[in-house]
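Me: Hi! I'd like to talk through a structure with you. Can you put it up?

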Amino acid sequence: ALTAPSSIRGAVQSLSIMPQLTTPNATRLDCPSTTIDQRKFKYAWSVKRANDLLAPNLLTTGQRTARDLFVPAGTLVAGVSYRCVVTINYTETGAADSAWKQISRVAIVAVDRTVPVVSIRGGNRDVSASSDVTLDGTGTYHPDGAGTFTWSASTAAAAAIASATPPINMSAGATLTIPGNVLPAGATHWLTLTFADGHHTVSANVSLNVL
């Protein structure tokens with residue numbers, strides 16, 4: 001959790017922190033220790049893109065006035081920094097309205113892009129030379145959005161796939177089907193699935209022992 005602020009005693013001081021958060025995670029900013037000295041408090045939160053202070057507040061009405069700010073997962077965009085400001089109006093219990101004072105604190109939240117994780121279901125396996133082989137990479141984890149899938153193969157398998165009729169599209173998506181009698185028998189071939197989203201490029205391998 002982020003503290004903004006830990007206390008409002010004493011003079012106003014600036015506070016700037018920059019945690020690294022990943023976009024699937026919810027973001028929480030806390031204001032503990034704000035019942036000290038028998039004071040009354042009113043909270044006002046705003047969350048805006050750090051480079052566009054004229055942008056609208058991203059928070060709902062209910063989120064803006066709570067002591068602790070909770071931003072649900074998926075609200076903040078990966079690769080963007082946000083300026084989170086809490087303004088606290090406070091006064092002594094029983095004091096006149098004119099005695100209200102104000103203090104603000106700032107937290108800069110930088111949302112990291114999540115590194116994708118490529119997954120090929122089934123893993124390494126033995127296959128029959130005469131049977132079709134389907135490799136399924138649809139379990140690849142890429143929460144920040146779309147990207148491209150590309151398959152590649154070790155030397156002997158790549159040559160066999162390149163000469164196959166009809167042609168085998170190695171960039172058709174997360175799933176690849178290699179027809180029977182394409183991969184040379186009596187050998188182990190490696191297939192690689194690569195995912196790229198413009199920010200990260202990651203791969204996973206699987207071996208096919210063709211019998």
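This is a predicted model: local features need pLDDT of at least 70, side-chain atom pairs count only at pLDDT 80 or more; totals for chains, interfaces and linings use all residues.

Me: Which residues of helix 2 are buried?
Reply: Ala157, Ala160 and Ile161 are buried in helix 2; buried means under 20% relative accessible area and exposed over 50%, with partly exposed in between (1.4 Å probe, protein chains only). They cover an arc of only 100° around the axis, so they sit on the same side of helix 2. That arc is taken from the directions from the helix axis to the C-beta atoms.

Me: And what's exposed on the face turned away from that side?
Reply: Thr155 and Ala162 are the exposed residues carried there by helix 2.

Me: How does helix 2 lie on the strands?
Reply: Helix 2 (residues 155-162) lies across strand 10 and strand 12, at about 110° to strand 10. Axes are lines fitted to C-alpha atoms, for helices over the stretch in contact, and angles run from 0 to 180 degrees between N-to-C directions.

Me: Switching to the sheet: what order are the strands in?
Reply: The open sheet has 4 strands in the order 8-13-12-10, with mixed pairing. Two strands pair if DSSP finds at least two bridges between them. Strand 8 (125-127) and strand 10 (148-153) are the edge strands, each pairing on one side only.

Me: Are strands 12 and 13 parallel or antiparallel?
Reply: Antiparallel: 10 bridges join strand 12 (residues 187-196) to strand 13 (residues 201-210). They form a hairpin with 4 residues between them, and Gly198 in the turn has a positive phi of about 90°. Strand 8 and strand 13, on the other hand, pair in the parallel sense over 3 bridges.

Me: Last one: how many residues has the largest nonpolar core?
Reply: 27, with Leu135 and Leu191 among those with the most contacts inside it. Such a core is a set of buried Ala, Val, Leu, Ile, Met, Phe, Trp, Tyr and Cys residues joined through side-chain atoms within 4.5 Å. Strand 13 gives the most to this core, with 5 residues.

How values were computed: Residues are numbered from 1 along each chain as its sequence is written. Side-chain values use heavy atoms; hydrogens and water are left out. Helices (H or I, at least four residues) and strands (E, at least two) are DSSP runs, numbered from the N terminus. Contact means heavy atoms within 4.5 Å.
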